[in-house]
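Please walk through the fold below from its overall dimensions to its cores, its charged pairs and its surface.

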Amino acid sequence: MATALDFSRIDGGMLDEVGGKGANLGELTRAGLPVPPGWVLTTRAYRQAAAAAGLDGVIAAGGDGLAEKARSRLLETPVPPGVAEAVLAAYTPGRAVAVRSSATAEDLPFASFAGQQDTYLNVVGEQALLDAVRRCWASLWTDRAVAYRESNGIDHAAVSLAVVVQDMVDARVAGVMFTANPVTGRRHEAVIDASPGLGEAVVSGAVNPDRFVVRGTAVERHAGDKRVAIRALPGGGTERVETGHEGLCLTDAEVRELAALGARVEEHYGAPQDTEWAIDAAGRIWLTQARPITTLYPLPEPRGDGLRAYFSFNVAQGVMGPITPMGIAAFRLVGSGAATLFGFAPADPHDGPRAMTESGQRLWLDLTTPLRSRAGRVILPKLLRVGEARTVALVDGLMDDPRLSVIHPGRRPFARAALRFARRVRVPGRVFEALTRPERALARTRRLGEELDRRLALPAAATPAERLAHAERALTATFPAIISIMPYALTGYGLFALSSRLSGVPIGDMQDVLRSVPNNPTTEMDLELWALATRVEPEPFRTLPVPELVRLYRAGELPPRAQRGITAFLDTYGHRGVAEIDLGVPRWSDDPSHLLGVLANYLRMDGGPAPDELFTRGAAEAEAAVDRVVAAARRRARWRGAVVRFGLRRTRRLAGLRELPKFYLVKVLAAVRHSMLAVGAHLAERGVLEAAGDVYFLTFKEARAALAGGDPRDLVAGRRAEREREARRRHVPRMLLSDGAEPEALATTATTAAAADGALTGTAASAGTVTATARVVLDPVGAHLEPGEILVCPSTDPGWTPLFLTAGGLVMEMGGAMSHGAVVAREYGIPAVVGVAGATHRITTGDTVTVDGAAGTVTTP
């Protein structure tokens, strides 16, 4: 291949030689789009320059200052003679050109690298061109480019850089255009920023541009001040001038013409694009850049006509990262079992219920049907208010969208489904049992656990095919089995609400009644872990790092009480873990690092009341709270006092069962995970998989096909790479519409995170007020929380709760008053506010914050 390559000769197969931008411009040129003519100096030239600069040794040495060292080497090294000859041969002397970087790791579907390398405008003259080329090469090693590659998992040594040289467009007006709205996410809504002069003023943020939003033929206009323009100088280079431009710099006709061009570019690439453009003095539009918009969340595959509304199952569960393919397949089977109870069994259980879909390796629930039903509009907000209060405002807003108007006015379908469910789960009988014989109800839940253990047991000699069939049966039967517990727990909470009404005491003032409730497997687990910390030998936990503790435990070399105690704890709770709803992620029994780290933190605690003492004190305070509510009811009528006392006694016995269905579900998932690992080991032995754990990147159907002789290795590799990319995604919408819009971004009033007094607002979850130092934790594994610190986190599942034992308060971005974190915080008696938008960004570790768990506010001095 020649070192210098004309755009018209570039094809996608030359991507490694040409780089992202150069290949893109080549495609656009051949597609007949208005791209300024030019040529590319290929990555072969960069590699020659890098070799001359000794860059391989610099990269291999790594360490601090890598970016500066590499950049300096390239700037100090002359352009290799053969490369200089090719550049000058391709250049027309005296011609004004734009010199732009074109890296092989740029404009990728998951990382655009926009602005990471440098552009030089209005370059005139041979020496100026050679200097611009050298500076473009060096810009591959700016601090921001190096940091961006590292954050996206891209190997520095694997990246090269081509240089694009284009005829300079002396722009009358220029700017950027997104073919989808980057703020709201709405597809096919062009957003155009424009300013007089060269587009660098807009791209660099030097000017407040005019903004135009195009929806179909409608144009929305927002004038900017446009006080600065960047102009080309006659002899080369640019200057910044004051403009004082009045009015809009584009006509509606030009805006629509730009939007039409953007639509052509998007159609060409099949995905929304971030483009740069310019309009010359003759009024001709030029396309100077096109790259994918990487921040947009991928849309679920639609399963119906019209606008669809999706709710994130991941966000609701506090699992912001992706779920493995087998983890998603497991939930499709569990969901099929749930749909069967309502009379909507799918034809193939592996497909899951119709309302369940997938995007970005995460699960989504389609809420369109209830949103378009009169009955659903009553029931859905009530259900969400329990566990996801921030979503209620979003759902309320969607009810005003004419595209989601009611088309199912009747309540009979919902009533029939609800009655069918109640009958199959035996709700009336279980509610009666909870009211009259709570000890029998509790015994029934224990027997259910024992029955699950028996069903999950498999002989060691089971074949891989038998293991797959057993896993599918177990998962499909899981929901019908464990949901039978919920009538007991809901009876407790129903009596709690009834007691509030009879006594006249607001529910928010009765939260102490729910402190330290028994029969909650999560709090029992946390307290058992604390008790274990009081029994084990303090050394070596106080001195050795966690990896060494794990090694000693696996070798059976910890001190005797610690070795026996940890093993016993894992026998009961080893199926739990962080992000435990995904059967593809390790359990504590697989990797006890987090568990041993928590034990070590407990043993380093110095002073303050012990968690078990606090729990006992909480139970006493709960009894006192019951007495206060009963007294308030008695003042209204003696019979009310008696009913309230009865109701709250039942509440305390039954409310803890709320966590039990998930406890059993995770036990099923852990058992299936272990069994599927045996299937993966069998496939790895046959050479079908590279490693046993690769089986989690297959669905159950795909695993069966692999047993039959299929080769899924390429499929696994692709999904692993996708998982790595999705794990780096910083934003997962709470809700998503099928047109790409995020309701939370659209609802300006519903998503305002700050109150008038500057406080962050959320949902009151656990009463009390505490002022302490904040600790922002994004991942509990390895996290250290000093006693009394306020835990600030995205969301929680039971894998987080050992941190609650030493926390002084809780602030959570997700959830409602009945979400997992809120329930556990109340039981531990720590003030908590949940559903606080942007908490982990607006609060910094070390800030002193005040959490008012009754008012639902978080304030900083």
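How many helices and strands does the chain have? The chain has 32 helices and 25 strands, where helices (H or I, at least four residues) and strands (E, at least two) are DSSP runs numbered from the N terminus. With a radius of gyration of 31 Å, close to the 29 Å that the globule rule gives for 861 residues, the chain is as compact as a globular protein of that length; the radius is taken over C-alpha atoms, and the rule is 2.2 Å times the number of residues to the power 0.38. This is a predicted model, in which local features need pLDDT of at least 70 and side-chain atom pairs count only at pLDDT 80 or more, while totals for chains, interfaces and linings use all residues. Residues are numbered from 1 along each chain as its sequence is written, and side-chain values use heavy atoms, with hydrogens and water left out.

Along the principal axes, the C-alpha atoms fill a box of roughly 100 × 60 × 55 Å. Of the 861 residues, 55% count as buried; buried means under 20% relative accessible area, exposed over 50%, and partly exposed in between (1.4 Å probe, protein chains only). The chain exposes about 35,400 Å², 54% of it supplied by carbon and sulfur atoms. These areas come from the Shrake-Rupley method with a 1.4 Å probe, and for residues only the protein chains shown count as cover. Among contacts with a separation of 6 or more, 69% are between residues 24 or more positions apart, a contact being heavy atoms within 4.5 Å.

The interior comes next. A nonpolar core is a set of buried Ala, Val, Leu, Ile, Met, Phe, Trp, Tyr and Cys residues joined through side-chain atoms within 4.5 Å. The largest nonpolar core has 107 residues, of which F541, M676 and F700 touch the most other members. Helix α27 (residues 660-685) gives this core its largest share, ten residues. Neighbours within four places in sequence aside, the contacts of F541 include V536, L549, L558, I566, L596 and L603. A second, separate core has 40 residues, among them A49, I59, V79 and C136.

Side chains of opposite charge can pair when their charged atoms come close. The structure holds 43 salt bridges, each a side-chain nitrogen of Lys or Arg within 4 Å of a carboxyl oxygen of Asp or Glu. In one of them, the closest N and O atoms of R454 and E451 are 2.6 Å apart. Both residues lie in helix α18 (residues 438-456), three residues apart, about one turn of the helix. R454 is exposed, with a relative accessible area of 52%, whereas E451 is partly exposed at 27%.

R649 and E623 also form a salt bridge, at 2.3 Å from N to O. This pair links distant parts of the chain, 26 residues apart: R649 is in helix α26 (residues 638-654) and E623 in helix α25 (residues 611-636). R649 is partly exposed at 33% relative accessible area, and E623 is partly exposed at 30%.

Buried or exposed: which describes E659? At 3% relative accessibility, E659 counts as buried, and its side chain meets that of R658 in a salt bridge (2.5 Å, N to O). Elsewhere, R186, E189, R215, E220, D401, R403 and D739 are linked in a network of salt bridges.
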